[in-house]
Amino acid sequence: MDTLNIFLLDKHQFFREGVKQVLNTESSFRIIAGSDDYSVLQSTIDVYEVDVVLMDVHMFIENEQHIQNLIKATDTKFIVLCDNGEEAYVTNVIEAGINGYLLKNMDIYSFIDAIKFVSTGNDYIHYSASNHLVKAYRQLIKKEEEVTIPLHLFTKRECEVLQLLTDGQSNRKIAETMDISEKTVKNHVSSLFKKMKVNDRTQAVVTAIRNNWVTLRK
């Protein structure tokens, strides 16, 4: 993989320094700079050919329109960083065209893998935001349609996993709910992604909702 130029925007220096230490463990990452000043974003992108911008969600909200314009005008990928409890911002993130929605307390390896995934042109939405995506889709539904469980496409177990993904459950929680191992859950999820031709949980959930394969639970 080519070196990725990364720029970090967050108002808290302590957090920025921690993220830099984490990202510096990945040889393919080059941390251009970190800043608490949004006004330097445009010039930094222009001068250093930034591949990925990591940005605190509140900076995104404060500058949403300008960021939308940047997304349209550059090839730079934008990822917002959120705390637990800020999942409601995910609809703004998606509508603005942001490429990634990550939690600040994600484990290091998942965090690094998500950045790499986004850098290759994919979108990554942390599974914790699934419930908010479901609620947003529910508001768009004009009439209630009968759910058709897709047993003609997936196994019974895969259908159960797909429903629990839509409910926003993690692999560990799904394993507990279905009384199976977490490894088995991962195998079911991987099989679903392959059959559905999707790359992540969010795409799987959106596809399932659009096709009325799952129940939108309150």
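I started with burial: F154 is buried, and W213 is buried too (buried means under 20% relative accessible area, exposed over 50%, partly exposed in between, with a 1.4 Å probe and protein chains only).

A note on the source: this is a predicted model, where local features need pLDDT of at least 70 and side-chain atom pairs count only at pLDDT 80 or more, while totals for chains, interfaces and linings use all residues. Residues are numbered from 1 along each chain as its sequence is written, and side-chain values use heavy atoms, with hydrogens and water left out.

Next I looked up ring pairs, which need centres within 6.5 Å for Phe, Tyr and Trp (its six-membered ring); planes under 30 degrees apart are stacked, over 60 edge-to-face, the rest tilted. I got two aromatic pairs. F117 and Y124 are edge-to-face, with 6.4 Å centre to centre and 80° between the planes. F117 is partly exposed because its relative accessibility is 22%, and Y124, at 21%, counts as partly exposed too. The rings of F154 and W213 have centres 5.5 Å apart and planes at 85°, so I noted this pair as edge-to-face.

I also found K104 over the face of F15, 4.5 Å from the ring centre (the rule: NZ of Lys or CZ of Arg within 6 Å of the ring centre and within 35 degrees of the ring normal).
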